[in-house]
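I opened the model to look up a helix, some strand pairings and a surface patch. My entries follow in the order I made them.

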Amino acid sequence: MHVNTTHMARRLERFVRERLHPALYRETAPVVVAAWDVPDEPVPFADAARATYRPFSTGELWGVPWGTTWFHVSGAVPPSWPAQEDATAELIVQLSDHPASPGFQAEGLVYERDGRILKAIEPLNQYVPLGDRTTVDVFVEAAANPNIAVDFRFDPTPLGDKKTAGDRLQYRLHRLELGLRDIAVWDLVQDVAVLDGLAAQLPESSSRRAEILRGLDRMVDVVDPSRVSETAAAGRAVLAPLLARPASESAHVITAVGHAHIDSAWLWPVRETVRKVARTFSNVVQLIEADEDFVFTASSAQQYEWLKTFYPQLFERVREKVREGRFVPAGGMWVESDTNMPGGEALARQFVFGKRFFIEEFGYEPEEVWLPDSFGYTAALPQIARAAGSRWFLTQKISWNETNRMPHHTFLWEGIDGTRLFTHFPPVDTYNSDLSATELARAEGQYAEKGVGTTSLVPYGWGDGGGGPTREMLAAAHRTASLEGSPRVRLESQRAFFERAEAELPDPAVWSGELYLELHRGTFTTQAKTKRGNRRSEHLLREAELWATTATVRAGLPYPADRLAEAWKTVLLQQFHDILPGSSIAWVHQEAEANYARVAVELESIIQDSLAVLAGPGERELIAVSGPRPRDGVPALGVAAGAPVAAVPFQRCAGGFAAETDAVRVVVSESGWIVSLVDKRAGRELAHPEHPVNQLQLHRDTPAQWDAWDIDATYVRTRTDLTAVAVETTHEGSLRIAYRFGGSRIEQEVRVDPASDAIELRTRADWHETEKLLKLAVPLRLLSDRMTSEIQFGHVDRPTHANTSWDVARFETPAHRWVRVDEGGYGVAVANDATYGHSVRRQSAADGTVLTVIGESLLRAPLYPDPEADQGEHEFLTTIRVGASVADAVAEGYRVNLPARRLTGADDVEPLVSVTGTAIVEAVKLADDGSGDVVVRLYEPLGQTATSTVRFAFDASGVRRVDLLERPADEIPSSHDGEAELRLRPFEIVTLRATPAP
């Protein structure tokens, strides 16, 4: 018999929509609603409970943007409801009549009168179970967060800044009443959803598909549309045999991990994330108590700390579920940070602070790195993760690649030092799965390790304030635990998955180097003030820890551990992957910049107090060097006598201005362009007169999508080379070059540093462009096949050509303090103090000269999500060091970012720690456990096997090698008389712990 499957599908869809869904609640009953609008920022429950409420009804508007309205809901449960065993009473709360969009609309948190949190309300999670209650007396804290996503049309909006968001009411209370949920009808809806979804994934010729379609059609016949409640069980009976057919032994196995990816800030401010965490975690606790198989995981120690601080009762309930193994902390990091831009020590501290919190609060240490959504992953991460005690890594974001597809889903990821990390990249291509048949089929179909592996992981649950997993998702998981035609679904933790996957794949494929995301390349540049704040904070933290430790050991000054920890936590939070990358609303970045300013004040206070104690009162001119290499005759990490050295002055010459040292000669034309750059020692002219070394270039910047996130390769097609309007010498002998264009002004100061022979370009911009990209181009007469870029604890090489699709896609890349290009061993380093986005390409001049062009991306001006992004005043320091080896580049990067401090005092200060060999000291601090031990972190920077000796300038009763959490490591270095002998592999990180003798 011919089967019209289209007709059957339409019949089923209408039956579910018009008959089953309306019958989910057997009866409803009214409640009394009153409302109170919080005048400004959110308030604690105790304040809301004391407030004066006004009568309120469904259908009324509420909630100005970013405002909070509390609803007091009271009523009586009809006496007949608790006696019905096949139904359960619930409070139904639908805060908005907008189409449901999890995570981007109104959300609520429901409290009992005594302040105990019951559960949250979300667009796709609109019920509160009432159990055996006979009355209702609850408060709903409703957040009127504006929907800035708006289907990601990327329209400029004033809603991201509280000052410009306006006061128009956002939402209409759509439904608020009691309901008696019919359990059989609800279960029938779940049965239908699973089977209908499965049928859609099976081949049209499949007998299993035909069987399911006929069964669903028969169910429609059996369930009486006028008596749905009475006949739902009969409908379920028709479908039961279809759901009982087990999966085949060869079916793909999916570990379904309950999850809710909550961005620590993004299209909402940090303060709203605090509430999103409470809402989501309360949902999870309720669901754990309702379903004995449910296991949930959540990352970011910061979010747990917020819960502990602002919702202590809920935190204790979470702690109980962690002890039960049902609520599993993940990732071991303070936040799900960006990994391209945080410095090496900061990325290490993400693990230190994250893991220490989980260990101290829960007695649990996550062993996986959980970063599903960060925008690419540094090749330094495997070693950092291993040094923190992690074994596994999970990400999802690389599935967003525009050009190339990753060849593996489960593999070993090899970092720059050779460390390997067992890695999983879920083939489901989402970290917000709903466990639909579509997504289960995608996970199985795309799994790359077929034939050698059988299992993958699916994180499921609505994220970003969507409330996490739902009971509907769990119903789907239970029905697909073993279902013919579907992958087999297991509800378990990520740890169970990784242990099984490792056993199944003892010899997986290896991916070496960075996991570069072929998208979101603009995040290396957008919101330049946030990026400068991060860079400056990282280096101030280094200085503060170094001098505070030295002052404690040498002078007995109390170590400011708590102050340093709070500063670190602020910086680590703001390295979250939508704050530091510049992809958040204006509110977030304004707050971040204010936080960086407060951190700077606090750290400067620690530095100045420490140095004052160390140097003592006096009038000698001293220099404090916190960098890892000697400078101006002062030892690294020490203080000694010295005075500022004047810059080499520019003098008039034919055609412009010139400055010269024993090593370098620079000529700047009357137009303000560096037209000659001579390395006198090598006898090389590095500049081409038609391609100035300090060229400012303006490009149109209108990506196809994702404004703040993306720079498209097409930006190179539109370019304007800025022309100076004035060039003049300064009193200090440097050269000042002025530019005017559009609504913006730029001044570029050029000077030559006499100590390093580096050419310094200080660019000050008053920027008022929109949808423009400002680049500083440095074309050099070098034929270089690669650009070497500093990353955390080392560097990577990237090609300057575009031979393969992988090379083509890597047209904008992140680097830290320096990049270097090389021709046959001769190199030039370009360092910076606040820039991360870089490009490199080769081009030919008109006379045939081949140039390698380094491009620093200084500023952007996207309109979404912050229409004022990057507007205002900025400053960038770029230096060019000719004839530079990698070691020179490393030294230059530290010189630029850790300028020597000038002070007056009486005494030199011997370095607390000194190193022979090439190793770099990255941190000197006191141990976190308060023991007074000195901790030193260092690394090999050149990519070669090396030996180094570390000497402690105090009596040390023992020197031990420890991990990042300062726990003993397996290897004990050879040590004697306060010295430790180290043999380092390329880019190896070593942490030493020395105990001062009593």
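I looked up the cover of helix α9 and found 16 of its 19 residues buried, where buried means under 20% relative accessible area, exposed over 50%, and partly exposed in between, with a 1.4 Å probe and protein chains only. The model is predicted: local features need pLDDT of at least 70, side-chain atom pairs count only at pLDDT 80 or more, and totals for chains, interfaces and linings use all residues. Residues are numbered from 1 along each chain as its sequence is written, and side-chain values use heavy atoms, with hydrogens and water left out.

I checked the length of α9, residues 344-362. Its end C-alpha atoms are 27 Å apart, which agrees with the 27 Å that 19 residues should span at 1.5 Å a residue; the expected span is 1.5 Å times one less than the number of residues. Helices (H or I, at least four residues) and strands (E, at least two) are DSSP runs, numbered from the N terminus. After α9 comes G363, with a positive phi near 65°.

Next I went to strand β35, residues 759-767, and noted that seven of its nine residues are buried. I traced its pairing, for which DSSP must find at least two bridges between two strands. β35 pairs with strand β34 (residues 744-752) in the antiparallel sense over eight bridges, and R764 in β35 is the bridge partner of E747. Six residues lie between the strands of this hairpin, and D757 takes a positive phi near 65° there. β35 is also joined to strand β44 (residues 872-882), antiparallel, by nine bridges; in β44, G872 is the bridge partner of W767.

I then followed an open sheet of six strands, antiparallel in its pairing, in the order β31-β30-β36-β43-β42-β39. Its edge strands, β31 (719-721) and β39 (813-814), each pair on one side only. Within this sheet I looked at β42 (residues 837-844) and β43 (residues 850-859), which run antiparallel and share seven bridges. R841 stands opposite V853 in β43.

Last, I looked up a nonpolar surface patch: L61, V64 and L169 make one of about 200 Å². Patches take residues with over 30% relative accessible area and no salt bridge, joining like charges within 9 Å and nonpolar side chains (Val, Leu, Ile, Met, Phe, Trp, Tyr) within 5 Å. A salt bridge is a side-chain nitrogen of Lys or Arg within 4 Å of a carboxyl oxygen of Asp or Glu. Areas come from the Shrake-Rupley method. I placed V64 in the loop between β4 (61-62) and β5 (67-76). V64 counts as partly exposed because its relative accessibility is 31%.

Technical notes:
Areas by Shrake-Rupley, 256 points an atom, 1.4 Å probe, with all protein chains shown as cover.
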